[in-house]
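Subject: Structure handover

Hello,

Here is the structure you are taking over. My notes on what was found in it follow below.

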Amino acid sequence: MRRDKYEKELLVAQLAVQRAAILTKRVFHEKAKGTVDKNDKSPVTIGDFGAQALIIAALQHNFPDDAIVAEEESAKLREDEKLRSTVWELVKDTRLDNPDAEALLGGPIRDADAMVELIDKGNSPGGAHGRIWAIDPIDGTKGFLRGGQYAVCLALMVDGDVKVGALGCPNLPVDDAARLTAGIGENQTDDDGHGVLFSAVLGHGATSRPLATVSLDPELGKPISMRAIDDLTQANFCESVEAGHSSHGDQAAISHRLGITAPSVRMDSQAKYGSIARGAGDIYLRLPVSATYQEKIWDHAAGDLIVREAGGQVTDVNGKRLDFSVGRTLANNKGVVAAPLAVHAKVLEAVQEVLSSKL
Ligand SMILES: Nc1ncnc2c1ncn2[C@@H]1O[C@H](COP(=O)(O)OS(=O)(=O)O)[C@@H](OP(=O)(O)O)[C@H]1O
Ligand SMILES: [Mg+2]
Ligand SMILES: [Mg+2]
Ligand SMILES: [Mg+2]
């Protein structure tokens, strides 16, 4: 069966992510870098709203009938005039440095009121029917503030199945061959021309390209694939920075059981999915930390597809594929186990042994 190539959707998704990332980088350099009080979350709030508005504007212009599930909602912006004007000042002159690309996205947003309205278009309940986009304007908010890893995330689901994914990672190296290093989670700002855009279309593979190169050329992306690992002891694990998002202790026990000696690489955001998809790391584990937390679809949709199209398998800790068809959360899943197809079953077995030994 020939699969739809979703060419226009892919192009719009890539350009929308690139434009939003210009804004998040500006926010980092103008507002977050050197923030005296690192507990001040306002830079990330500004970046979240601005990036979400720009992405939704591009989607509404091209696909006005599609539904959108986005992380942020505008309530805070509506009640805080100063915040609204700060966000608008950034949004109004963030554009792609390529007139054709900018025109494709529909050009600038009309005014601050239109911007606020756009943000609320991301309030779809999600579900199993029709075309639904999932947006995380800044994933890895803590990484963003730290000058570490974060991602601008966009995916298209059709009838609950992810068809297109794009992940902009402004602080990852462009070079696919660069293995992950322990320090990748912090102080990796984009000053040295960092920044990579991962994307995938179901049935058509995954690619990477420089985040800073804006082009309408679909051939620009280079195919990426997971590293073939015959010997699991040589594998590299990625995990969340926050132990509150994935248990570091369980993860260490799983590594030990698989004979892995390299320390895990901690980094925020879906940059973990992109990194293993291009073989910079090998395995991404997200172990459930609470019985009640439900993962959000915007934290996984693009990464899930990119890893699977790069030759990986992604399931939850029970071995079930991630189910994006049940609303804004992954209510049917617990945790994430992403690994090259050939070793996924073995990794999953170790995960289950460690988790069941705790019951
Ligand atoms: N309790 C709990 N358990 C699991 N996950 C949670 C939890 N709380 C939040 N989140 C979500 O984690 C998203 C960031 O995931 P990361 O893997 O980047 O985590 S971390 O930043 O390394 O801690 C983060 O995404 P952003 O809000 O976009 O940063 C949250 O959606
Ligand atoms: Mg997120
Ligand atoms: Mg977010
Ligand atoms: Mg958040």
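Predicted model: local features only at pLDDT ≥ 70, side-chain atom pairs only at ≥ 80, totals over all residues.

Helix α10 covers residues 301–309, and nine of the nine are buried, so the helix is largely enclosed by the rest of the structure. Among the buried residues are Asp304, Arg308 and Glu309, along with Leu305, Ile306 and Val307.

Next, the sheet. Five strands form an open sheet in the order β9-β8-β10-β12-β11, with mixed pairing. At its edges are β9 (265–266) and β11 (312–315), each of which pairs on one side only. Strand β11 runs antiparallel to β12 (residues 336–340), and four bridges join them. Within this pair, Gly312 has Pro340 of β12 as its bridge partner. Helix α10 packs on the sheet, where it touches β11 and β12, and its direction makes about 145° with that of β11. A further helix, α11 (residues 341–357), lies across β10 (283–286), β11 and β12, and runs at about 145° to β12.

As for the overall layout, the protein is divided into domain 1 (7–224) and domain 2 (232–357). Their C-alpha centres lie 23 Å apart. Domain 1 gives 43 residues to the contact and domain 2 gives 34 residues. On the domain 1 side, the elements that each supply at least two residues include β2 (131–139), α7 (141–146) and β3 (151–158). The residues of that side divide into 26 nonpolar, eleven polar and six charged.

Regards

Notes:
Residues numbered from 1 in each chain as written. Chains lettered and ligands numbered in written order. Buried ≥ 20, exposed ≤ 12 C-beta atoms within 10 Å, placed from the backbone. Domains from an automatic or database assignment. Contact = placed C-beta atoms within 7 Å. Nonpolar A, V, L, I, M, F, W, Y, C, P; charged D, E, K, R; others polar. Pairing = 2+ DSSP bridges. Axes fitted to C-alpha atoms, helices over the stretch in contact; angles between N-to-C directions.
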